[in-house]
Amino acid sequence: MTDFISQLELSVRAGNLLRNNGVTTAQQFLELTWPTMKKWKGAGVRTWHEILDHQHSIRRAIKRDEQQRRRETLPGRALIALRAINELLPELTNKGWFVRQDKDGKYRLARYVVTEDLDG
């Protein structure tokens, strides 16, 4: 079974330093600070910078995942659709489309009646 530290692909020195000082979970790794680490035997600035780089990478990945999850929610998908409609709105208005708000406060995409509709 591989542990969290081996998944990080840290140098052997950094990995051993973390294992020897009881850091075994992602939470412990992300909460690690320089004042804590500099008390450890064998800890140096170069190792700290390596760990700090990995912490930043993990935080960026977590943020990306949260943004993706937010986009997958119904309000997130609605917001994406509204942005797309707003980008297309100038082109749509030239073709008879418009956005209106109904009595319930919901926004609707509607179209003016044009002669092409009556010819069909």
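Two strands count as paired if DSSP finds at least two bridges between them, and strands (E, at least two residues) and helices (H or I, at least four residues) are DSSP runs numbered from the N terminus. The structure is a predicted model, in which local features need pLDDT of at least 70 and side-chain atom pairs count only at pLDDT 80 or more, while totals for chains, interfaces and linings use all residues. Residues are numbered from 1 along each chain as its sequence is written, and side-chain values use heavy atoms, with hydrogens and water left out.

On to the strand pair. Strand 1 (residues 97-101) and strand 2 (residues 107-111) run antiparallel and are joined by 5 bridges.

Next comes a charged pair. Asp102 and Arg108 form a salt bridge, with 2.9 Å between the closest N and O atoms; the term stands for a side-chain nitrogen of Lys or Arg within 4 Å of a carboxyl oxygen of Asp or Glu. The count by this rule comes to 1 salt bridge. The cut-offs are under 20% relative accessible area for buried and over 50% for exposed, with partly exposed in between (1.4 Å probe, protein chains only).

Now for the helices. Helix 2 (residues 12-20) packs against helix 5 (residues 45-72) at an angle of about 85°, their axes lying 10 Å apart. Axes here are lines fitted to C-alpha atoms, for helices over the stretch in contact, and angles run from 0 to 180 degrees between N-to-C directions. Helix 2 is therefore roughly perpendicular to helix 5, a label that covers 65 to 115 degrees, with under 35 being roughly parallel, over 145 roughly antiparallel and the rest oblique. Arg13, Ala14, Leu17 and Leu18 of helix 2 meet Thr47, Glu50 and Ile51 of helix 5, contact meaning heavy atoms within 4.5 Å.

Finally, Pro75 sits in helix 6 (residues 74-94) and, at 61% relative accessibility, counts as exposed. Its C-alpha atom is 23 Å from that of Arg60, 15 residues away along the chain.
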